[in-house]
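Please consider the following structure together with its sequence.

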Amino acid sequence: MSSLNAIGILLFCIICNYFIFKSLSNDLFLKISLLIISIFLSIRYEWGNDYHIYLNLYEGLKNYECNSIEDLSKYTKNGEWGWALINKFGYVSGVGFFGIIICLSLFQNYTIYRLIKKNVESKYYLISLIFYVTNISLFVIGASMLRQQLCIVLYLYVFELMKDDPQNFRNVLMSIFIILIGTTIHRSNLFLLLSLPLYYLHINESERNYKFPFFLMIFYLIWNFLVVRYIQNSSFLIELLS
């Protein structure tokens, strides 16, 4: 099944759910729709170019003796022992590779549910879900790149912590901790530390409409033209992002 067909089916299911449940409960509509998306992501097979890479990594861990974090780091070569640990847990617990896919899909959509429920008015739930499943980078490509997608989902918890109270020292420590945990899954996650200062921009409601997008644009330009170009010219950072 092509990605366009998959998106089309999901959109059809979401819109049908909207007309079925909108008169009963917007929350129920949101839950049922994300459950359908979770089921879809849970049963995906050979989705994207990276699928077999992750499957082969899991199969290889079956016969690899891991007694420590160091052993897991050596197996992944990039030192991403967190991802190796998830795979090892899948093997030891008996859920297997497909069980890992199911768990990640449920975790991802539970997080999306929390995010939408907390930050979006109920009348915009349908629009939020349409944006979610039609976002090529976040949904379609993310369904193939399991490590990067998991890091994005973990960062949503950082977003919640820092958005609620960036002055709370505990929130800052938890945010740094979550980002560092993400680096054990994909090392490029370390760059997300650069986003934390954005939460300290003091913008009131009257200024938010034009100032915040301006700062985001400046951040994007700096990232795209300075940081990314430096990464492209650095063999170490190329290895880091691979």
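Glu 80 touches Arg 147, Thr 183, Thr 184, Ile 185, His 186 and Arg 187, leaving aside residues up to four places away in sequence; contact here means heavy atoms within 4.5 Å. This is a predicted model, in which local features need pLDDT of at least 70 and side-chain atom pairs count only at pLDDT 80 or more, while totals for chains, interfaces and linings use all residues. Residues are numbered from 1 along each chain as its sequence is written, and side-chain values use heavy atoms, with hydrogens and water left out.

Glu 80 sits in the loop between helix H4 (69–76) and helix H5 (81–93); helices are DSSP runs (H or I, at least four residues), numbered from the N terminus. Because its relative accessibility is 3%, Glu 80 counts as buried (under 20% relative accessible area, with exposed over 50% and partly exposed in between; 1.4 Å probe, protein chains only). Its side chain is joined to that of Arg 147 by a polar contact of 2.4 Å, that is, a pair of N or O atoms within 3.5 Å, one able to donate a hydrogen and the other to accept it, where residues adjacent in sequence count only if both atoms are side-chain atoms. Although Glu 80 and Ile 185 are 105 residues apart along the chain, 5.2 Å separates their C-alpha atoms.

Helix H10 spans residues 169–183. Its buried residues are Asn 171, Val 172, Ser 175, Ile 178, Ile 179, Gly 182 and Thr 183. They lie on the same side of H10 because they cover an arc of only 150 degrees around the axis, taken from the directions from the helix axis to the C-beta atoms. Their cover includes helix H9 (146–164). The face turned away from the buried side of H10 carries the exposed residues Phe 169 and Arg 170.

How values were computed
Helices (H or I, at least four residues) and strands (E, at least two) are DSSP runs, numbered from the N terminus. The expected span of a helix is 1.5 Å times one less than its number of residues.
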